[in-house]
2 protein chains.
Amino acid sequence: MKAFVHVSLKKSVLDPQGKTVQAALQRLGYSQIAAVRQGKSFELDLEPGLSEPDARQLLERIARDVLANPVIEEYRIEVLPNGKR
Amino acid sequence: MKAFVHVSLKKSVLDPQGKTVQAALQRLGYSQIAAVRQGKSFELDLEPGLSEPDARQLLERIARDVLANPVIEEYRIEVLPNGKR
């Protein structure tokens with residue numbers, strides 16, 4: 001089973017990296033981009049044999065404890081059905 | 001309109017950052033995680049008034065020229081319908 005954990009800064013936290021990308025895009029003429037925020041994504045391969053609810057619970061724990069800093073970051077978990085991608 | 005551009009290393013490129021995360025997870029007892037690959041994600045706000053096909057074309061250009069290095073990275077574009085998230 002494959003899963004993604006997307007980690008991004010909370011809306012209330014300043015994102016200088018995203019601001020810099022947006023400024024660069026403006027300079028390059030991409031004025032249609034109003035705002036950019038940058039985050040991280042983790043693609044995880046899980047050992048076979050885990051049910052989807054178990055996988056979600058495990059990923060929730062991993063995301064909260066290891067991959068994201070819950071003080072300033074939020075995360076979103078996406079589990080891909082078996083055999084996809 | 002909101003869109004995501006997910007950038008990750010090509011499968012054929014070594015990902016030491018992902019390997020390190022996986023080794024840390026193993027040490028912490030998360031043995032169900034077989035592999036980890038790390039990538040970047042960009043959340044872009046587009047100015048209103050763009051049609052979805054135009055937005056996709058614009059994002060394709062931005063992803064290829066600015067956000068990803070097509071020599072070693074691949075990208076995936078996700079356009080969220082208006083009003084979502």
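**View 1. Asp15 of chain A sits in the loop between β1 and α1 (16–27) of chain A.** This is a predicted model, so read every distance here as computed from it. A:D15 counts as buried because its relative accessible area is 5%, and the cut-off for buried is under 20%. Which side chain of opposite charge is nearest to A:D15? That would be A:R37, 4.7 Å away. A salt bridge needs a side-chain nitrogen of Lys or Arg within 4 Å of a carboxyl oxygen of Asp or Glu, and A:D15, though buried, has none.

**View 2. What does the side chain of A:D15 reach?** It reaches two backbone nitrogens: that of A:Q38 at 2.8 Å and that of A:G18 at 3.1 Å. Setting aside neighbours within four places in sequence, A:D15 is in contact with A:L9, A:V36, A:R37 and A:Q38.

**View 3. Strand β1 of chain A is largely enclosed by the rest of the structure, since eight of its eight residues are buried.** In a regular strand the side chains alternate between the two faces of the sheet. Here both faces are covered. On one side you'll find A:K2, A:F4, A:H6 and A:S8, and on the other A:A3, A:V5, A:V7 and A:L9, all of them buried.

**View 4. β1(A) pairs with β2(A) and with β3(A).** Take β2 first: β1 (residues 2–9) and β2 (residues 33–46) of chain A run antiparallel and are joined by seven bridges. To find your way along this pairing, look for A:K2 opposite A:D45 and A:H6 opposite A:S41. Then there's β3 (residues 73–80) of chain A, which pairs with β1(A) over eight bridges, again in the antiparallel sense. A:V7 is a handy landmark there, with A:Y75 as its bridge partner in β3(A).

**View 5. Over in chain B, Leu9 lies in strand β1 (residues 2–9).** Is B:L9 buried or exposed? It is buried, because its relative accessible area is 16% and anything under 20% qualifies. Not counting residues up to four places away in sequence, B:L9 touches B:L14, B:D15, B:R37, B:I72, B:E73 and B:E74. One of these, B:I72, is 63 residues from B:L9 in sequence, yet their C-alpha atoms are 5.9 Å apart in space.

**View 6. β2(A) pairs with β2 of chain B.** How many bridges join these strands? There are 13, and the strands run antiparallel. One spot to look for is A:L44, which stands opposite B:V36 in β2(B). The copies meet through the same surface, because 100% of the interface residues of chain B are also interface residues in chain A.

Technical notes: Residues numbered from 1 in each chain as written. Chains lettered and ligands numbered in written order. Predicted model: local features only at pLDDT ≥ 70, side-chain atom pairs only at ≥ 80, totals over all residues. Heavy atoms only, no water. Pairing = 2+ DSSP bridges. Helix = DSSP H or I, 4+ residues; strand = E, 2+ residues; numbered from the N terminus. Buried < 20%, exposed > 50% of the residue type's maximum accessible area, 1.4 Å probe, protein only. Lys, Arg positive; Asp, Glu negative; His and termini not counted. Polar contact = N/O pair within 3.5 Å; in protein donor to acceptor, adjacent residues only side chain to side chain. Contact = heavy atoms within 4.5 Å.
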